[in-house]
Every structure is written in C-alpha cells, then in structure tokens.
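Please find below a short note for a colleague who is new to this structure. The points may be read alongside the sequence and the model.

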Amino acid sequence: MKPHALVAHPDNAIVWHEDQLFLLDQRALPAETRFVVCENAAETARAIKDMVVRGAPAIGVTAAYGVVLSVRDHFQRSPADWRPGVDQDLKVLAAARPTAINLFWALERMRELLDQLDQLDPVPALLIEALRIHREDVAANQAMGDLGAALIEGPTDVITHCNAGALATGGYGTALGVVRSAYAAGKLGRVYADETRPWLQGSRLTAWELDQSGIPVTVQADNVAASLMARGGIGWVIVGSDRIAANGDVCNKIGTYGLAVLARYHGVRFMVAAPTSTIDLSVARGADIPIEERAADEVLSCGGTRVGPEAVGAHNPVFDVTPAELVDVIVTERGVIEQPTAEKLAALMAQR
Ligand SMILES: CSC[C@@H](O)[C@@H](O)C(=O)COP(=O)(O)O
C-alpha cells in the first residue's frame with residue numbers, strides 16, 4: 001500500500017516525504033495518477049520544464065525543494081566546498097521556465113538563507129525554509145479564498161481559464177481556492193472551465209480537481225465564452241496569474257486577455273486571485289514580462305496525434321497580458337485591490 005502522503009489528490013501534488021520530493025505527474029492526469037520522484041536539482045528543473053509540475057506558485061514551491069536537494073547532494077559529496085555546485089544548480093533551476101515570477105521569488109528566498117548559513121550541516125535549515133514556503137502558500141490561498149468569496153454575490157456561475165487550483169499551487173488553489181470557498185458559502189452554482197488549448201489544463205486538470213471536490217464543473221472549448229456570457233448567468237471570470245507588473249497588468253495563461261475583453265463587454269466582473277509572491281514590482285508594465293514560447297508541436301498535435309500539416313509551423317506563446325484597466329479586482333492574501341493601479345499595488349506590497 002502507498003504511504004498516506006502519496007495518495008493522488010489535487011491537494012497532494014507536491015509532497016516532501018521521507019527525505020524525497022514527490023510530484024504528482026500533471027502530464028498524465030486525469031487518465032493516470034502517478035508520482036515522479038526528484039533526487040537532485042537537475043531532475044527538479046527538468047520536472048518544471050516538462051510540466052510534471054506547473055502553475056506559478058507550484059513551480060516556486062518545487063524549486064525551493066530543489067534547492068534542498070541541491071545542497072544535500074553537494075554537501076554529501078564535498079562538505080568543505082559545496083557552494084559552487086549549488087550556485088550552478090540555482091542557475092539551472094532559474095532557467096527552467098521564464099514567466100512565472102514565483103520561481104525566481106522562491107529561489108531568491110532560499111538564496112538569502114543560504115548566504116546567512118554558517119553551520120556545519122546546512123540542509124536542515126533549508127528544508128525548514130522550503131516547508132515554510134510551501135505552508136505559507138497554502139495559508140495564502142485559504143486567505144484569498146475567503147477574501148475572494150466575500151466579493152461574490154451569489155448564487156452565480158463563473159468561468160475559469162487554465163488551472164489555478166491546488167495542482168498549480170502548494171495546495172487549495174488561487175482562483176479555484178476562491179471557487180472552493182464561494183461554493184462552500186453557497187454562492188456558486190457551476191464552474192465553466194475553458195479547456196485551455198493547447199495543453200488542456202482546463203479539461204484535464206481543472207475538471208478533475210473540481211470533480212474531486214464535488215463542485216459542479218462543465219468543460220467548454222475556449223471559443224465558447226462569448227456566447228455563454230451573452231446568454232447570461234455568469235457573474236464572474238476568476239483566474240490566477242503568473243506575474244503581476246507594478247502597474248497592475250496581469251500575465252496569465254494565453255487566452256486570459258481575450259476573456260477579460262469579453263467580460264468587460266458583457267458586464268461580467270473579472271477577478272485575479274494571486275499571492276503577493278506573484279507581484280513583481282521590478283517590472284513596470286506587462287509588456288516587459290518575458291512570455292514563454294513552447295514547442296509548435298503542442299499546437300499542431302492533439303492527444304499525441306499530429307493534426308496540422310507536417311510542413312506548417314505554429315505560434316505558441318503560452319501566456320498573455322491583460323491590461324490593468326480590464327481587471328476589476330486583484331485578490332491577494334494581504335487584501336483586495338479594486339481597479340488596480342501602481343499606487344495601490346505599491347501600498348499593498350509595503351504592508352507587512
Ligand atoms: C495558481 S496558478 C496561476 C497560473 O500559474 C495559471 O493560470 C497558469 O497560467 C499556469 O500556466 P502553466 O503553463 O500551466 O504553468
């Protein structure tokens with residue numbers, strides 16, 4: 001029998017168990033529930049790059065554990081001179097994916113601790129910090145769930161895009177955390193989950209996750225949202241974010257921008273739920289955020305079968321930027337910002 005920690009459940013997507021890092025393999029869900037074990041930083045970076053684990057906060061939490069694995073690895077091999085190997089691993093982890101700021105945020109937090117450590121064995125302190133980053137993310141999501149749910153006058157149906165749930169975070173979820181809290185409060189009827197081409201985070205992951213939680217969910221093709229909003233009954237679009245610029249522009253899964261335009265046209269409110277670890281004040285506006293381009297094959301194939309002509313390429317940017325003026329509210333664990341501006345974001349980030 002599998003140990004309890006390794007039960008495949010959305011809230012169990014990243015597990016530190018018996019000194020090993022287990023990741024619920026999101027490439028295989030929902031058809032197959034299996035864990036991938038990472039034993040060093042290179043394997044952890046590969047798991048992030050290949051999207052065994054994905055979603056901004058989840059990438060950050062995973063990278064923090066990757067630093068623990070790195071230090072353990074190099075310290076065991078060379079107790080007197082482990083730092084150069086770890087510095088190299090930090091670069092490998094940072095290169096895994098470019099857009100989600102949570103990756104760099106978590107690596108920076110681990111690096112700050114590394115710089116302070118002078119004890120004989122650095123591993124225990126780093127593990128405590130990684131576990132803290134993980135725990136804090138879950139707590140932030142639960143706080144955002146309550147704050148976001150309080151904004152919803154229900155009962156209403158909502159649309160979500162991509163997967164911003166427990167699978168994409170340390171647990172509970174950002175956008176889906178709000179959904180969970182709103183559903184528990186009787187404010188939410190049904191979630192329409194955009195399938196989210198090309199990787200299908202919506203139809204594979206969000207649908208699985210909500211179904212596991214007993215929340216009514218219907219999958220729709222990405223191009224259905226306009227007619228659904230026109231029909232009525234959708235109160236909110238609720239999404240997560242990979243990086244929020246200083247002016248409140250929101251970078252999230254490709255297609256989010258289009259949804260925001262549609263929402264404004266139809267009088268549907270647009271909510272972004274993201275922890276403060278997703279806010280990057282060093283980037284002035286969304287246009288400055290690096291947007292990841294993934295392989296053309298993700299677009300030209302479906303379920304492993306090529307659907308486009310062999311000779312044709314594909315444009316596959318996997319994130320887009322929603323201008324701040326289309327965002328009605330950003331929900332963070334520190335509080336809610338309506339109609340985000342640079343001043344409001346700076347004030348929120350200055351709070352401790
Ligand atoms: C809580 S997650 C918010 C975002 O990370 C999520 O919406 C998203 O865009 C994930 O993209 P992915 O490419 O699957 O890592």
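1. Basis. This is a predicted model, in which local features need pLDDT of at least 70 and side-chain atom pairs count only at pLDDT 80 or more, while totals for chains, interfaces and linings use all residues. Residues are numbered from 1 along each chain as its sequence is written.

2. Ligand shell. The ligand is surrounded by 17 residues, the closest being Arg-54, Ala-56, Ala-168, Gly-240 and Lys-253 (a residue is near if its C-beta atom, placed from the backbone, lies within 6 Å). Helix H2 (56-77) and strand E9 (250-253) each contribute at least two shell residues (helices, H or I, of at least four residues and strands, E, of at least two are DSSP runs, numbered from the N terminus).

3. Nonpolar core. The largest nonpolar core has 104 residues, and Leu-23, Val-67, Val-178, Val-179, Val-237 and Ile-238 touch the most other members. Such a core is a set of buried Ala, Val, Leu, Ile, Met, Phe, Trp, Tyr and Cys residues joined through C-beta atoms within 7 Å. H2 supplies the largest share of this core, 12 residues.

4. Annotated residue. The "active site" annotation in an unreviewed UniProt entry covers Asp-242 (positions are in the numbering used here, feature names are shortened, and annotations may be inferred rather than shown by experiment). Asp-242 lies in the loop between strand E7 (234-239) and strand E8 (243-245). Asp-242 is buried because 31 other C-beta atoms lie within 10 Å (buried requires 20 or more, exposed 12 or fewer, partly exposed in between; C-beta atoms are placed from the backbone).
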